[in-house]
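Okay, everyone, thanks for coming. Let's have a look at today's structure together.

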Amino acid sequence: MKSMNTQQGERSLGGWRWVALAALTLAAACGQAMEPGVATVSGTDPEVVDEAPETGEVSAAWKSQAPTIVLTASGNIAGAVDQFRLLLGDPLNVIPGQQRSGRREINWDGVPAALTNVDTFPGDFFNSVDPAAPAGRKRGAVFTTPSAGFRVSDNDFADVDPSYGDEFNAFSLPRTFMVAGGTTLDATFRVAGTDIPAHVRGFGVVFSDVDRVGSAKVEYFDKRGRSLGVFAALARSDASGLSFLGVVFDQARVARVRITSGEAALSLGTKDLSAGGTADLVVMDDYLYGEPRRIW
Ligand SMILES: [Ca+2]
Ligand SMILES: [Ca+2]
Ligand SMILES: [Ca+2]
């Protein structure tokens, strides 16, 4: 990325693409979801960058606003998810406390049966601060929602409405995730296993059954609450119905993400757009994010 001087570079690799952005050259586009493959960045501020992102011949302005990488894919997303893992870095961290590098992941598949297929999945399940809790519950991500709660499913939500079993698919089997009674949630970060506020380099999410571009999107915010941009997932493009959206910044600066998953809440009798309904219903699977680092 260090040699990139144009305002936007893009290349497609095997059905998915990544887009590198020079934030300083892009017009602000607060609050607007991007078109497929066309990324936008808004609200970046040189003050939030406290170190030069790259070596080499770069302008002062460039140093202050390094590129953002947006990775979008639909259909067979496995390669894109692997590429996103590389962008976030190895290893996959599985122990509490701030690690020097790497990333964290949540695939929901280890959630206990008692917290599966109910609307009471705790938003802080993956950042327990209880010393007695297992390491697997200390991943530094906390979820909040204005809606009723959260639900993890092991049947693609077929127990909510029978039509959902065919509608949705897991990327990692068998469990998927959704807001209960709504479509939006916020994820914030902590030093894993603590209450210490943290931020991450990037965040990505797998969506299932995006029929309309814009119905599934992620907005990124810095530690001061300023938007770093809104990015929309691509529409589904094969029988799996999966889409992936991930954004990586040059350094830890994402203190919060707001995820919108679909246009309506799941409920008995509410059909997807593709099944005679009026709203595009979407659920989620894997979350991948950079190692949460303390906000100073
Ligand atoms: Ca299914
Ligand atoms: Ca899963
Ligand atoms: Ca849908």
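Before anything else, one term: a residue is buried when it has under 20% relative accessible area, exposed when over 50%, and partly exposed in between, using a 1.4 Å probe and protein chains only. By that rule, 53% of the chain's 296 residues are buried. Keep in mind that this is a predicted model, where local features need pLDDT of at least 70, side-chain atom pairs count only at pLDDT 80 or more, and totals for chains, interfaces and linings use all residues. Residues are numbered from 1 along each chain as written, chains are lettered from A and ligands numbered from 1 in written order, and side-chain values use heavy atoms, without hydrogens or water.

Now, salt bridges: that's a side-chain nitrogen of Lys or Arg within 4 Å of a carboxyl oxygen of Asp or Glu. The structure has 14 of them.

Take Arg 85. Its side chain meets that of Asp 82 at 2.8 Å, N to O. Asp 82 is partly exposed, at 41% relative accessibility.

Arg 85 also bridges to Glu 105, with the closest N and O atoms 2.7 Å apart. Glu 105 is in strand E4, so this pair ties together parts 20 residues apart in sequence. Arg 85 and Glu 105 are both buried.

Conventions
Helices (H or I, at least four residues) and strands (E, at least two) are DSSP runs, numbered from the N terminus.
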